[in-house]
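Subject: Structure handover

Hello,

Here is the structure I said I would pass on. Please look through it first; my notes follow below.

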Amino acid sequence: MSFGSLALRSDRVVLPDGVTTATVVVRDGRIVEVRRGPAQPGPADLPLVDLPGLVLSPGLVDAHVHVNEPGRTEWEGFACATRAAAAGGVTTIVDMPLNSVPPTTTAEALRVKRAAAAGQAWVDIGFWGGLTSADTGHVDELVDAGVCGLKVFLAPSGVPEFGHVDGSGLAAALAAGARRGVPVLVHAEAPAELAAAPPPTGPSYGRWLASRPAAAEVAAIRQVVATACRTGGRAHVLHLSAAAALPVLAAGRSAGAPVSVETCPHYLSLCAEELPDGATEAKCAPPVREAAN
C-alpha cells in the first residue's frame, strides 16, 4: 500500500474545531478532503484504512530537541531521537546547536551535523545555529545555510565547547537576528544571581532548587526584554520555570518588545515539593519549581 494516496478513517480525528469522527482523503501525499461523519466512505479508487480508537492528527513540531550527534551520540543520536519522535506523533524536530561536537556555530559544523543525520532520519529535521560570543561573523553563513535561528546562553551551558554571552553578546546576537530576520533563542538565567546563590551539594533536590533561584530567571528576562526593545531583534525565552517572570514578559510585550516565551511539560506536571532527593531524572536548569509556579 502506498501512503501517498489513501483514505484514513477514525473516530478521533483532530480538526481545528475539535475531535470528531471523519475520513481524511490523501492524494499524492497531500490532504485533499475531510469527510465528517461516522459512516463516510473513502473514494472508490483509494484504499480505506480504519483506525478505530486511534488519534489521527496533524504532525507535531518539537522545536527544542538536543540530538547530541555527532560527538555525544551515546546520549542520543539521530536514529533514536527521530524514531522516538515519530512514535509520539512528532513529524518535525528542530535540533539545538549544543551537546554535539562540534557545536553548530559555523556553516561547516552544520554540514558535519547534517552529514551525521543523513540516512538516519525518520522525521523532518531543522537546525538552530548558535552564538557563543559577541562575534557575529558566522551569522550570515549559518542563516544562508538554512538554520531556523540562533541560540545563546546567558549563563554557562554545561558543556565546555558552547560558551555563554554577556550583555554585549546578547545585543550583538539580537541585532544580527534583526538584520537577518531570524529569532534569537535565549537560555535566560543571570550569572550574577546564580553566583550569589548557595552551591548545590549532595543529593538534596532542595539544594539544587536553591542554587538556581527564580530571581536569576527574572533578572535575565528583564535584560532580554530591554535588549530586544533596543535592538529590534526577536527574542524567544526558552523553558521558563519561574512564574514571577511572567509580568516582566507581559509588560515588555505590551510595550512592543518582540519577545515570546516557552515552557516545558515537566514544569507543568511536576513540582519541587514532590520530588525526592536523588531524583536525577528531574534535574534540569532552570529547575522544576514549587507548585505555586
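Which backbone oxygen does the side chain of Arg289 reach? It is that of Arg212, at 2.8 Å. A polar contact here is a pair of N or O atoms within 3.5 Å; within protein, one must be able to donate a hydrogen and the other to accept it, and residues adjacent in sequence count only if both atoms are side-chain atoms.

Before the rest, some ground rules. The model is predicted, so local features need pLDDT of at least 70 and side-chain atom pairs count only at pLDDT 80 or more, while totals for chains, interfaces and linings use all residues. Residues are numbered from 1 along each chain as its sequence is written, and side-chain values use heavy atoms, with hydrogens and water left out.

Arg289 lies in the segment after helix H9 (265-269); helices (H or I, at least four residues) and strands (E, at least two) are DSSP runs, numbered from the N terminus. Arg289 counts as buried because its relative accessibility is 5%. Buried means under 20% relative accessible area, exposed over 50%, and partly exposed in between (1.4 Å probe, protein chains only). Leaving aside residues up to four places away in sequence, Arg289 touches residues including Glu217, Ser241 and Cys271, where contact means heavy atoms within 4.5 Å.

The segment after H9 also holds Pro286, and the peptide bond from Ala285 to Pro286 is cis, with omega near -5°. Another cis peptide bond runs from Glu69 to Pro70, with omega near 5°. Pro70 is in the loop between strand S6 (60-65) and helix H1 (78-87). That loop between S6 and H1 contains Asn68 too, whose phi is near 80°, a positive value in a residue other than glycine. Asn68 is buried, at 6% relative accessibility.

Helices H7 (residues 214-231) and H8 (residues 246-254) have axes that come within 9 Å and cross at roughly 10°. H7 is therefore roughly parallel to H8, a label for angles under 35 degrees. On the H7 side the contact is made by Val218, Ile221, Arg222 and Val225, and on the H8 side by Val248, Leu249 and Gly252.

Finally, the cysteines. A disulfide is a pair of cysteine sulfur atoms within 2.5 Å, and the count by this rule is zero. The sulfur of Cys148 is 18 Å from the closest cysteine sulfur, in Cys264, too far for a bond. For Cys284 the closest cysteine sulfur is also in Cys264, at 7.8 Å, again too far.

Regards

How values were computed:
Axes fitted to C-alpha atoms, helices over the stretch in contact; angles between N-to-C directions. Parallel < 35°, antiparallel > 145°, perpendicular 65-115°, else oblique.
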